[in-house]
Amino acid sequence: MDINEILKHVDHTLLSPQATWVEIRKICDDAIKYHTASVCIPPSYVSQAAKYLGERVKVCTVIGFPNGYSTTAVKAFETEDALANGAKEIDMVINIGWLKDKRYELI
């Protein structure tokens with residue numbers, strides 16, 4: 001398997017709380033150049049990135065990042081919002097405490 005084949009399966013990611021649009025646009029440009037599977041970015045940039053990228057690269061975002069402490073209802077709302085803004089992939093963080101407590105119905 002060569003590097004180009006590997007990159008087709010990689011999410012190019014920038015989830016820093018200090019990320020700016022200039023930095024997000026840079027990873028979008030890199031994703032186009034290297035043909036990555038997607039860009040994974042904060043939800044607040046999904047709409048802007050989706051418009052910028054068009055159909056060239058999928059936009060992925062995270063829900064409940066980084067700790068997964070949001071309730072299921074909040075995560076559902078965030079997911080619907082991200083999809084409406086153009087996200088094509090969702091990475092959702094589960095509540096590890098609930099998992100450890102075996103509260104599966106809440107996850």
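Visitor: Which side chains meet in a salt bridge at 4.0 Å, N to O?
Guide: Those of Lys-58 and Glu-89. A salt bridge here is a side-chain nitrogen of Lys or Arg within 4 Å of a carboxyl oxygen of Asp or Glu. This is a predicted model: local features need pLDDT of at least 70, side-chain atom pairs count only at pLDDT 80 or more, and totals for chains, interfaces and linings use all residues. Residues are numbered from 1 along each chain as its sequence is written, and side-chain values use heavy atoms, with hydrogens and water left out.

Visitor: Where do Lys-58 and Glu-89 sit in the chain?
Guide: Lys-58 is in strand β3 (residues 58-63) and Glu-89 is in strand β4 (residues 89-92). They are 31 residues apart, so the pair links distant parts of the chain. Helices (H or I, at least four residues) and strands (E, at least two) are DSSP runs, numbered from the N terminus.

Visitor: Is Lys-58 buried, exposed or partly exposed?
Guide: Partly exposed, with a relative accessible area of 39%. Buried means under 20% relative accessible area, exposed means over 50%, and partly exposed is in between (1.4 Å probe, protein chains only).

Visitor: How many salt bridges does the count come to?
Guide: Three. Another one joins Asp-30 and Lys-26, with the closest N and O atoms 2.9 Å apart.

Visitor: Which helix holds Asp-30 and Lys-26?
Guide: Both lie in helix α2 (residues 21-34). They are four residues apart, about one turn of the helix. Asp-30 counts as buried because its relative accessibility is 17%. Lys-26 has 49%, so Lys-26 counts as partly exposed.

Visitor: And what does Lys-8 pair with?
Guide: Glu-5, with the closest N and O atoms 3.2 Å apart. Lys-8 is partly exposed at 47% relative accessibility. Glu-5 is partly exposed too, at 28%.

Visitor: New topic. How many residues are in the largest nonpolar core?
Guide: It has 19. A nonpolar core is a set of buried Ala, Val, Leu, Ile, Met, Phe, Trp, Tyr and Cys residues joined through side-chain atoms within 4.5 Å. Those with the most contacts inside this core include Ile-24, Cys-28 and Ala-49.

Visitor: Which elements each supply at least two residues of this core?
Guide: α2, β2 (38-41), α3 (46-53) and β3. The largest share, five residues, comes from α2.

Visitor: What does Ala-49 touch?
Guide: Trp-21, Cys-28, Ile-41 and Val-59, not counting residues up to four places away in sequence. Contact means heavy atoms within 4.5 Å.

Visitor: Now Thr-36. Where does Thr-36 lie?
Guide: In the loop between α2 and β2. Thr-36 still counts as buried, at 10% relative accessibility.

Visitor: What does Thr-36 touch?
Guide: Leu-7, Val-10, His-12, Ala-31 and Val-57, leaving out residues up to four places away in sequence. Thr-36 and His-9 are 27 residues apart in sequence and 6.5 Å apart in space, C-alpha to C-alpha.

Visitor: Zoom out. What pattern does the chain follow along the sequence?
Guide: α-β-α-β-α-β-α-β-α. That comes to five helices and four strands. Along its principal axes, the C-alpha trace spans about 45 × 35 × 25 Å.

Visitor: What percentage of the residues count as buried?
Guide: 33% of the 107 residues in the chain.
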